[in-house]
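I'm looking up a few things here and jotting them down as I go.

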Amino acid sequence: MSTLYLFATAAEPVFHIARVIEDAQADGWDVCLGLTPAAARWLAGSLDGLAVLTGHPVRWDAPLPGEPEVWPAASAVLFAPATFAAVNQWALGIADSFVVGFAAEGIGQGIPMVVMPCVSAAHARHPQFERSVETLRGAGVSVLVPDDPAVGFSWPLALSAVRERIAVG
């Protein structure tokens with residue numbers, strides 16, 4: 001079974017993460033859920049249930065030195081929803097959270113990665129966002145940015161992109 005690391009930030013689509021986990025599991029993925037600290041606060045009341053659903057502890061901070069690894073190795077990473085801050089931090093190598101740090105390291109490890117930003121139209125027009133998207137794409141990350149950010153975020157599109165990314169290598 002392939003392992004999907006599902007990483008999420010504090011953006012509205014994170015409230016649908018349980019359904020996304022179920023959909024990914026129905027596709028045959030073993031899902032491990034990683035959150036930014038803010039997303040963990042947003043989902044605080046659901047963390048135990050999400051751990052039961054995935055069969056793995058939900059992580060929002062890096063393990064301490066010497067702690068054993070509790071997740072199987074990643075076959076792919078889906079970073080969604082990814083806020084403006086997370087996309088820019090990742091592209092700039094600012095690894096101040098577990099999920100952004102892992103994603104930054106994952107580029108060097110060659111892990112197939114897909115990111116679906118969830119940003120406002122104003123953030124999408126910020127010049128750093130465009131540079132960050134191009135940096136991530138240049139590093140081999142599949143970045144799903146709709147032509148019109150106001151159209152919205154699509155979990156089915158994100159999961160489909162991971163399947164496609166794995167299929168083409």
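**Strand 2.** I checked which way its side chains point: Asp 30, Cys 32 and Gly 34 go one way, Val 31, Leu 33 and Leu 35 the other, and all are buried. For me, buried means under 20% relative accessible area, exposed over 50%, and partly exposed in between, with a 1.4 Å probe and protein chains only. Helices (H or I, at least four residues) and strands (E, at least two) are DSSP runs, numbered from the N terminus. Six of the six residues of strand 2 are buried, so the strand is largely enclosed by the rest of the structure.

**Housekeeping.** This is a predicted model, so I note that local features need pLDDT of at least 70 and side-chain atom pairs count only at pLDDT 80 or more, while totals for chains, interfaces and linings use all residues. Residues are numbered from 1 along each chain as its sequence is written, and side-chain values use heavy atoms, with hydrogens and water left out.

In what order do the five strands of the open sheet run? I get 2-1-3-4-5, with parallel pairing; two strands count as paired if DSSP finds at least two bridges between them. Strand 2 and strand 5 stand at the edges with a single partner strand each, so one side of each has no neighbour in the sheet. Strand 1 and strand 2 pair in the parallel sense over six bridges, and Thr 3 stands opposite Asp 30 in strand 2. On strand 1 (residues 3–8) I also looked up the pairing with strand 3, which is parallel over four bridges. There, Phe 7 sits opposite Phe 79 in strand 3. Helix 5 packs on the sheet and touches strand 1, strand 2, strand 3 and strand 4, contact being heavy atoms within 4.5 Å. The direction of helix 5 makes about 130 degrees with that of strand 1. Axes here are lines fitted to C-alpha atoms, for helices over the stretch in contact, and angles run from 0 to 180 degrees between N-to-C directions.

**Helix 1.** Which residues of helix 1 are buried? Ile 17, Val 20, Ile 21 and Ala 24. They cover an arc of only 100 degrees around the axis, which puts them on the same side of helix 1; the arc is that of the directions from the helix axis to the C-beta atoms. The face turned away from that buried side carries the exposed residues Arg 19 and Ala 26. Glu 22 is also in helix 1, and counts as partly exposed at 38% relative accessibility. Just after helix 1, Gly 28 takes a positive phi of about 100 degrees.

**Helix 7.** Its buried residues are Gln 128, Phe 129, Ser 132, Val 133 and Leu 136. The arc is only 140 degrees around the axis, so they lie on the same side of helix 7. Glu 130 and Gly 138 are the exposed residues on the face turned away. What covers the buried ones includes helix 4 (84–92), helix 5 (98–109) and strand 4 (113–117). Just after helix 7, Gly 140 has a positive phi of about 95 degrees.

**Salt bridges.** How many does a search of the whole structure find? Four, counting a side-chain nitrogen of Lys or Arg within 4 Å of a carboxyl oxygen of Asp or Glu. I wrote up some of them.

- Asp 27 and Arg 163 meet at 2.4 Å, N to O. The pair links distant parts of the chain, 136 residues apart: Asp 27 in the loop between helix 1 and strand 2, Arg 163 in helix 8 (residues 155–168).
- Arg 59 pairs with Glu 69, closest N and O atoms 2.7 Å apart. Arg 59 is buried at 9% relative accessible area, whereas Glu 69 is exposed at 51%.
- Arg 137 pairs with Glu 134 at 3.5 Å between the closest N and O atoms. Being three residues apart in helix 7, Arg 137 and Glu 134 are separated by about one helical turn.
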